[in-house]
Amino acid sequence: MSVRPSTSPRPARLICGLAALFLLVSAAAVVACPLCYEAARQLVTIGQQLDMADRVVLAVPVEGGNRFRIVEIVKGKDTIGDVIVDPVTSLEQQRQ
């Protein structure tokens, strides 16, 4: 008498396969249209932006361009009095 192997997957193997599929799908990059991206960006609070930032300073504009002088350090390793030459993000730029 011969025994035929079962053609249906075992429940444990099926569960492991579904778990692996779920992990692969959840690890994929997320892509959104510009409208959805902007809506999601507006849901991030200022506190969350400060928490995620590596560098946060208070600065005043320096005459003659788009440069700013640091007057207070909130987060990071900057020095008071330094001039920022990197692109600057401000609340006014975000509201436009």
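1. Aspartate 78 touches Arg55, Val57, Ile70 and Ile73, leaving aside residues up to four places away in sequence; contact here means heavy atoms within 4.5 Å. Bear in mind that this is a predicted model, where local features need pLDDT of at least 70, side-chain atom pairs count only at pLDDT 80 or more, and totals for chains, interfaces and linings use all residues. Residues are numbered from 1 along each chain as its sequence is written, and side-chain values use heavy atoms, with hydrogens and water left out.

2. What joins the side chains of aspartate 78 and arginine 55? A polar contact of 3.0 Å. That term covers a pair of N or O atoms within 3.5 Å; within protein, one must be able to donate a hydrogen and the other to accept it, and residues adjacent in sequence count only if both atoms are side-chain atoms.

3. As for where aspartate 78 sits, look in the loop between strand 2 (67–75) and strand 3 (83–84). Helices (H or I, at least four residues) and strands (E, at least two) are DSSP runs, numbered from the N terminus.

4. Now the sheet: it is open, has three strands in the order 1-2-3, and pairs antiparallel. Strand 1 and strand 3 are the edges, each pairing on one side only. Two strands pair if DSSP finds at least two bridges between them.

5. Seven bridges hold the antiparallel pair of strand 1 (residues 56–62) and strand 2, with alanine 59 opposite isoleucine 70. These two strands make a hairpin with four residues between them, and glycine 64 in the turn has a positive phi of about 85°.
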